[in-house]
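Welcome, and please open the model in your viewer. We will go from one selection to the next, with a short note on what is there at each stop.

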Amino acid sequence: MDAGPAASGWSDQCWTLARIAEIVRRRFGVGYTLAGLDLLLHRIGWSMQVPSRKAAERNEATIAAWKDEQWPVIKRGRRTWAPGSASRTMPARA
């Protein structure tokens, strides 16, 4: 596993649970479910890793503008003051 996925025949450098399960099956002849394999890997100290750097194409000014203008519109909650009812037989009175 330390040699990377390319050493095991995959073209990219990304380990997935399915790939690790395939390696375990090939090498030891034991089949694990993905959930069981995840539990086993956590028990021996392995954890999910995420990239530590941001994309080079990232435009901080555009992101900041989007957060200020668009996100509040998307995140805005439902109007709770408007009269309404979920009942078809007893609609809300205006």
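Start by selecting Arg25 and Glu22: both lie in helix H1, three residues apart, about one turn of the helix. Helices (H or I, at least four residues) and strands (E, at least two) are DSSP runs, numbered from the N terminus. Before going further, note that this is a predicted model, in which local features need pLDDT of at least 70 and side-chain atom pairs count only at pLDDT 80 or more, while totals for chains, interfaces and linings use all residues. Residues are numbered from 1 along each chain as its sequence is written, and side-chain values use heavy atoms, with hydrogens and water left out.

**Stop 1**

Show the side chains of Arg25 and Glu22, which meet in a salt bridge at 2.5 Å, N to O. The term salt bridge stands for a side-chain nitrogen of Lys or Arg within 4 Å of a carboxyl oxygen of Asp or Glu. Glu22 and Arg26 are both in helix H1, four residues apart, about one turn of the helix. Together, Glu22, Arg25 and Arg26 are linked in a network of salt bridges.

Are these side chains buried or exposed? Buried means under 20% relative accessible area, exposed over 50%, and partly exposed in between (1.4 Å probe, protein chains only). Arg25 is partly exposed because its relative accessible area is 43%, and Glu22 is partly exposed at 25%.

**Stop 1: another pair**

Select Arg58 and Glu60, whose side chains meet in a salt bridge at 2.6 Å, N to O. Arg58 counts as partly exposed, with 38% relative accessibility, and Glu60 is partly exposed too, at 44%. The count of salt bridges by this rule comes to four.

**Stop 2: the nonpolar core**

Which residues make up the largest nonpolar core? Select Ile20, Ala21, Val24, Leu37 and Leu41, five residues in all. A nonpolar core here is a set of buried Ala, Val, Leu, Ile, Met, Phe, Trp, Tyr and Cys residues joined through side-chain atoms within 4.5 Å. Helix H1 (17-28) and helix H2 (34-43) are the elements that give two or more residues to this core. H1 has the largest share, three residues.

Centre on Val24 next. Leaving aside residues up to four places away in sequence, Val24 touches Gly29, Val30, Tyr32 and Leu37, where a contact means heavy atoms within 4.5 Å.

**Stop 3: Tyr32 and the surface**

Follow the chain to Tyr32, found in the loop between H1 and H2. Tyr32 counts as partly exposed because its relative accessibility is 39%.

**Stop 4: the whole chain**

Zoom out and colour by pLDDT, the predictor's confidence in each residue, from 0 to 100. The chain's mean is 83, and 82% of its residues reach 70 or more. Among the elements, helix H4 (residues 71-75) has the lowest mean pLDDT (84) and H2 the highest (94). The chain has four helices and zero strands, and buried residues make up 11% of its 94 residues.
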